[in-house]
Amino acid sequence: MTIARVKVTAALLTILICFSYCHSDSTTTGGNDSVSGYYEAKLTDAPNVPASGNFKYPKKVIVRLEVLEHVMRLADGVEYNFWTFGGKVPGKFIRIREGDEVEFYLSNHPNNKLPHNIDLHAVTGPGGGAEASMTAPGHTSQFSFKAINPGLFIYHCATAPVGMHIANGMYGLILVEPKEGLPKVDKEFYVMQSEFYTKAKFGAPGLTSFDMEKAFNEHPDYVVFNGSVGAQMGDNSMQVKVGETVRLFIGNAGPALTSSFHVIGEIFDRVHVEGGDLINKNVSTTLIPAGGTSIVEFKCETPGSLTLVDHSVFRAFNKGALAQIKVSGKENVNIFSGKQKDLVYQPEGSAVQSITKAHKEVVIPEKAMAERMESGKILYEGNCAACHQKNGEGLAGAFPPLAKSDYLMARSDKGVNIPLHGLSGKIKVNGVEYDGIMPQMQLNNDEIASILTYVRNNWGNKSDLVTAAEVEKARNGK
């Protein structure tokens, strides 16, 4: 009888231990704070964003990132020797979850010339991982961290001189998604603003490089979205449909300027201020400090092009800080009608005027057709494309097309007097009437000649060379 009781007791203890073990294991794998399982992070190039894992509990995440130094496009006709995380600028988008344990591998390609590292603003630890990840060419460094704080964070190279490494393209974004996840939206995009300080002036063709003196003075030649002028314009615009909700993950790599981020034609329903928990609502323009971020959300209600800008507008229209979201779908006249009337208004003194003092024109040797076309394309896209569009099609009801333009091609002055003196009043282009104002352009004779040669020999237009001498003659009223 005693032996039987002992056997029963032993059996009950065994069952209890097994039950306790199973219960404990279930808590470990199913709780919100305990790590269970692992995966290798999917990394994406801008403007794409990795899909959320929708994990209910933290995991171990493997992140592999390679540093590459190579020449790429900065603007049409302009190349730059970029230093990159993952081969492009900005670097790869990294998406993890709050509580994840990250095992990070940074590889420095053997062909690179310099050591590099990474400072992730999502890391709680010395240098954001910079010291632990210092890596010579041909080597890989490994370190680990736990994602304690949710939010959107910058990462960048922190090798001295830090500003130079950032200015050459070494930055990206890492999202630590909160454990409860983010609200569902239809589209997510990755956009990053940054500056380039180049030895050549904006748009000058050829291979250019970093200028330390301009960087010291914080006078960038280029301010761009996603690494180059026009990176997300035209055929590369982000695509959305009417009625879809959009979330933009925005970063400002700097290294010097604060961004006044704005989307022309939209109001942000929600703004995660500086990429954190604080929510602001119904905002049109939000500040993003150098080394900072923001998450903005909105719904696209009407079709058309939405233009992303830094609202320090000379950066947008003269240095490259432009990107586009193209919204397709059905018109909604209850929200936006388009132009309904166009009435004549002629107050006294309505002529277009210039207050710029006359200056002595520097004589530049005449260019051949091929050279004019090359420089004209760059000048056009930097000065004219925002209104008349990169493909010359203009904007309906606002800016007339230059493509196949009967008005421009019929002018006896080859159009020279338009940029020289401005144009106002009614004109008819390709059978459509326009009534607006084009201001005088502050360009020299050579620049005007190049732009007009490019326009008059592109998009279905065919003509001869426009010379600086012809512009000079028109400027002097002859």
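Which strand supplies the largest share of the lining of the second largest pocket? I looked it up: β4 does, with three residues.

**Ground rules.** I am working with a predicted model, where local features need pLDDT of at least 70, side-chain atom pairs count only at pLDDT 80 or more, and totals for chains, interfaces and linings use all residues. I number residues from 1 along each chain as its sequence is written, and side-chain values use heavy atoms, with hydrogens and water left out.

**The pocket.** I found about 610 Å³ of space in the second largest pocket. Here a pocket is an open set of points on a 1 Å grid over the protein atoms alone, where a 1.4 Å probe fits, with protein on both sides within 12 Å along at least five of seven lines; lining residues have an atom within 4 Å of a point. Of its 29 lining residues, Ala51, Ser52, Gly53, Asn54 and Glu177 are the closest to the centre. I sorted the lining by class and got eleven nonpolar, four polar (Gly counts here) and 14 charged (Asp, Glu, Lys and Arg) residues. β1 (38-40), β4 (94-97) and β10 (187-196) each give at least two residues to this lining; strands are DSSP runs of E, at least two residues, numbered from the N terminus.

**The sheet.** Next I traced an open sheet of five strands, in the order β13-β21-β20-β15-β18, with mixed pairing. Two strands pair if DSSP finds at least two bridges between them. β13 (238-241) and β18 (285-288) are the edge strands, each pairing on one side only. I also followed β13 to its partner β21 (residues 322-328): the two run parallel over four bridges, and Met238 has Ile325 of β21 as its bridge partner.

Terms used
Grid points are joined across faces, edges and corners, and a volume is the space filled by probe spheres set on the points.
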